[in-house]
Amino acid sequence: MKSIRRSAYLDKLKALKDQKLIKVITGVRRVGKSTLLLQFQEELKAMNPSVSIISVNLDDPAMRSIAERGWEELYTFISRQIVPNVQQYVFLDEIQNVTGFERLLEGLFILPGVDLYVTGSNAYLLSSELATLLTGRSFEINVLPFSWREYLEYTGDTSNLERQFARYLQVGGFPEALSLATVSDVYAGQYLQQVFNTIFENDISKRHRIYAEKAYFNVVRFLADSVGSSVSANNIAASLTAGGKKVDNKSVSRYISTLVEAYLFYRTQRFDIKGKALLQTQETYYLVDTGLRHALLGKELGADGGHLLENVVYLELLRRDNAVWIGKVDNREVDFVVRGKDGYTSYIQVAQTVTEPQTLERELAPFDKTGDHNEKLLLTMDWQTGSHRGVKQKNVLDWLMEE
């Protein structure tokens, strides 16, 4: 399978190298965390050909058999390879497969000269128990599927950007799915369905008792079909029950938490722009990959183009290390309230097209109500750019290509 350099993540790892922190690389399964570790190891070797690296893949049956005997066995296995007075780079892939991994990490962390990197496919890695144990001693890097920029680099095809973007929305950014799509989109879709099944079996059902799988999958499909829309456990339960798919709101809430924990969905809270406060009702969820959504629902892109575009923009905002909320201002919503690394706040609206005057006015109206001078950005698929009442309009494909 073709590989590309995940520059943004590798640059973070290089910046954190030799810092006394556990580097925790998280993200949904099959997103490329293992490949990222291998790329970083190659960069370490390029900087120092005699570098000392200890790498353990805990999805490897031989390593898993050691891990299943307890964290002490694995600690002994690794510590015996450590050379005294030499800087060691220790990589543990899929650490959640180790029972008592928190103690393993604590033991390795305190060894002199050890720079520790771990990956995991479940947010349990950063649960309150681990957070308490390693307070101030870990740094998370959340890995997402290929961005639009990375997709173009991978395919090497920039002949028709709009057509390529439509394909990106359908196939998504999982590396293996893109590889299979060169043979058949059907294979790519089947692979993504298998990815979801693997996540359910390994990262969800093994940790949580799912008594009603049919109801669980109904919630998954509902949530995937509602990206970009404000929802609650109550209205999901009511909607499914009204459609003959009975489920209670407590189960819905629990199911959603497992999906967020497995990095399949990202939960986004609403923010009262004028009151400067987070709201506790009606959250919005975005799927980790639009190709996965297509595989789960089998829907054509046309009817959901606006929400899919919004999903892509949301993931890109996360890649750029922004804090993101859904904005509420009076009786209107701003798609995204964004706080960047520099601490500044900006507002973003996303629409497929605003060529019709009434559509443009509808998208500008929430900006007018914010009552401040923060940056305001309107992203569309239109090639027209410019400014409207202090709001910058940009083509979303150009914006996605920005550094």
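**The cores**

Start with the largest nonpolar core of this predicted model. This core has 91 residues, and those touching the most other members are Phe165, Ile204, Leu264, Phe265 and Phe336. Next, select residues 185-204, helix H10, which gives the most to this core: eight residues.

Stay on Ile204 and show its surroundings. Leaving aside residues up to four places away in sequence, Ile204 touches Ile199, Ile210, Tyr216, Thr258, Leu259, Ala262 and Leu264. Then move to Met63, Ile66, Leu74 and Phe109, which are among the 24 residues of a second, separate core.

**The sheet**

In what order do the five strands of the open sheet lie? The order is E2-E3-E4-E1-E5, and the pairing is parallel. Select 52-57 (strand E2) and 138-142 (strand E5): both are edge strands with a single partner strand each, so one side of each has no neighbour in the sheet. From one strand to the next, the twist averages 15°.

Now select residues 22-26, strand E1, together with E5; the two run parallel and are joined by five bridges. Pick Lys23 and look across to Phe139 in E5, its bridge partner.

**Helices on the sheet**

Select residues 71-79 for helix H4, which packs on the sheet and touches E2 and strand E3 (88-93). The direction of H4 makes about 155° with that of E2. Finish at residues 101-109, helix H5, which also packs on the sheet. Helix H5 touches E1, E3 and strand E4 (114-120), and its direction makes about 160° with that of E4.

Notes. Residues are numbered from 1 along each chain as its sequence is written. This is a predicted model: local features need pLDDT of at least 70, side-chain atom pairs count only at pLDDT 80 or more; totals for chains, interfaces and linings use all residues. Side-chain values use heavy atoms; hydrogens and water are left out. A nonpolar core is a set of buried Ala, Val, Leu, Ile, Met, Phe, Trp, Tyr and Cys residues joined through side-chain atoms within 4.5 Å. Buried means under 20% relative accessible area, exposed over 50%, partly exposed in between (1.4 Å probe, protein chains only). Helices (H or I, at least four residues) and strands (E, at least two) are DSSP runs, numbered from the N terminus. Contact means heavy atoms within 4.5 Å. Two strands pair if DSSP finds at least two bridges between them. Axes are lines fitted to C-alpha atoms, for helices over the stretch in contact, and angles run from 0 to 180 degrees between N-to-C directions.
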